[in-house]
Amino acid sequence: MTRRQSIYIEGFGHKNPIPAACRLGNILTSGIVYGLDPATGKPAETLEEQCTWMFRHIRAIMAAAGGSTDDIVKVTIWMPDRNQRAAVNPGWLEMFPDPATRPARQAMTAELGSGMLVQCDFLAVMPS
């Protein structure tokens with residue numbers, strides 16, 4: 001019996017043979033999630049649009065894994081310029097409106113390729 005489960009979602013994927021996320025027991029960790037526009041198969045044009053798609057993909061990954069965004073405990077954001085992280089906040093506040101129950105978040109500077117302006121990964125503890 002396989003304990004590890006790969007999570008894939010429609011409209012989002014990687015060029016390399018890796019899933020969007022992996023679940024083992026009640027632990028779920030994502031791969032890199034970015035603002036891929038499913039209509040074009042490329043990152044959306046603006047930082048704000050990429051953030052919107054990134055958060056949509058997070059929701060879809062959590063649903064496909066059998067959980068919800070309430071199960072997320074940590075999100076790490078990568079951007080070429082951390083000074084632009086305010087663009088992440090609208091989607092963040094929509095997904096996690098209650099300051100008493102938000103997951104941890106960290107923003108890191110990174111050189112991103114292929115038109116990406118923001119990307120993240122996350123860790124979730126799923127219901128048993």
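These legends describe close-up views of a predicted model.

**View 1**
Strand β2 covers residues 21–24. On one side, β2 pairs with strand β1, residues 4–7, in the antiparallel sense. That pairing holds 4 bridges. Q5 stands opposite R23 of β2. Strand β3, residues 27–30, is also joined to β2 by 4 bridges. β2 and β3 run antiparallel. Here C22 has T29 of β3 as its bridge partner. The hairpin of β2 and β3 has 2 residues between the strands. In this hairpin, G25 takes a positive phi near 65°.

β2 has a covered face and an uncovered one. A21 and R23 lie on the covered face. C22 and L24 lie on the uncovered face. Side chains alternate along β3 as well. L28 and S30 point to one face and are buried.

**View 1. Strand β3 beside strand β9.**
Strand β9 spans residues 119–125. β3 and β9 pair in the antiparallel sense, with 3 bridges. Which residue of β9 is the bridge partner of L28? The partner is A124.

**View 2. The largest nonpolar core.**
In soluble globular proteins, nonpolar side chains tend to be buried together. In this model, the largest nonpolar core has 36 residues. L28, I58, I77 and F122 touch the most other members. Several elements give two or more residues to this core: β4 (33–34), α1 (47–64), β7 (72–79), α2 (89–95) and β9. Helix α1 supplies the largest share, 7 residues.

**View 3. The surroundings of I58.**
I58 is among the residues that touch the most other members of the largest core. Which residues does I58 touch, leaving aside those up to four places away in sequence? They are V33, T69, I72, M95, C120 and F122. Of these contacts, F122 also belongs to the group that touches the most other core members.

**View 4. A64 on helix α1.**
A64 lies in helix α1. Is A64 buried or partly exposed? A64 is partly exposed, because its relative accessible area is 39%. Not counting residues up to four places away in sequence, A64 touches I7, Y8 and I9. A64 and A21 are 43 residues apart in sequence. In space, their C-alpha atoms are 9.6 Å apart.

**View 5. The salt bridge between R59 and E94.**
The structure holds 1 salt bridge. The side chains of R59 and E94 form this pair, at 3.8 Å from N to O. R59 lies in helix α1 and E94 in helix α2, so the pair ties together parts that are 35 residues apart in sequence. R59 counts as partly exposed because its relative accessibility is 31%. E94 counts as exposed because its relative accessibility is 60%.

**View 6. A nonpolar patch on the surface.**
Which residues form a nonpolar patch on the surface? The patch is made of I27, V73, L123 and V125. Together they have about 270 Å² of accessible area. V125 lies in strand β9. V125 is partly exposed, because its relative accessible area is 36%.

Technical notes
Residues are numbered from 1 along each chain as its sequence is written. This is a predicted model: local features need pLDDT of at least 70, side-chain atom pairs count only at pLDDT 80 or more; totals for chains, interfaces and linings use all residues. Side-chain values use heavy atoms; hydrogens and water are left out. Patches are made of residues with over 30% relative accessible area and no salt bridge: like charges are joined within 9 Å, nonpolar side chains (Val, Leu, Ile, Met, Phe, Trp, Tyr) within 5 Å. Accessible areas come from the Shrake-Rupley method with a 1.4 Å probe; for residues, only the protein chains shown count as cover. A salt bridge is a side-chain nitrogen of Lys or Arg within 4 Å of a carboxyl oxygen of Asp or Glu. Buried means under 20% relative accessible area, exposed over 50%, partly exposed in between (1.4 Å probe, protein chains only). Two strands pair if DSSP finds at least two bridges between them. A nonpolar core is a set of buried Ala, Val, Leu, Ile, Met, Phe, Trp, Tyr and Cys residues joined through side-chain atoms within 4.5 Å. Contact means heavy atoms within 4.5 Å.
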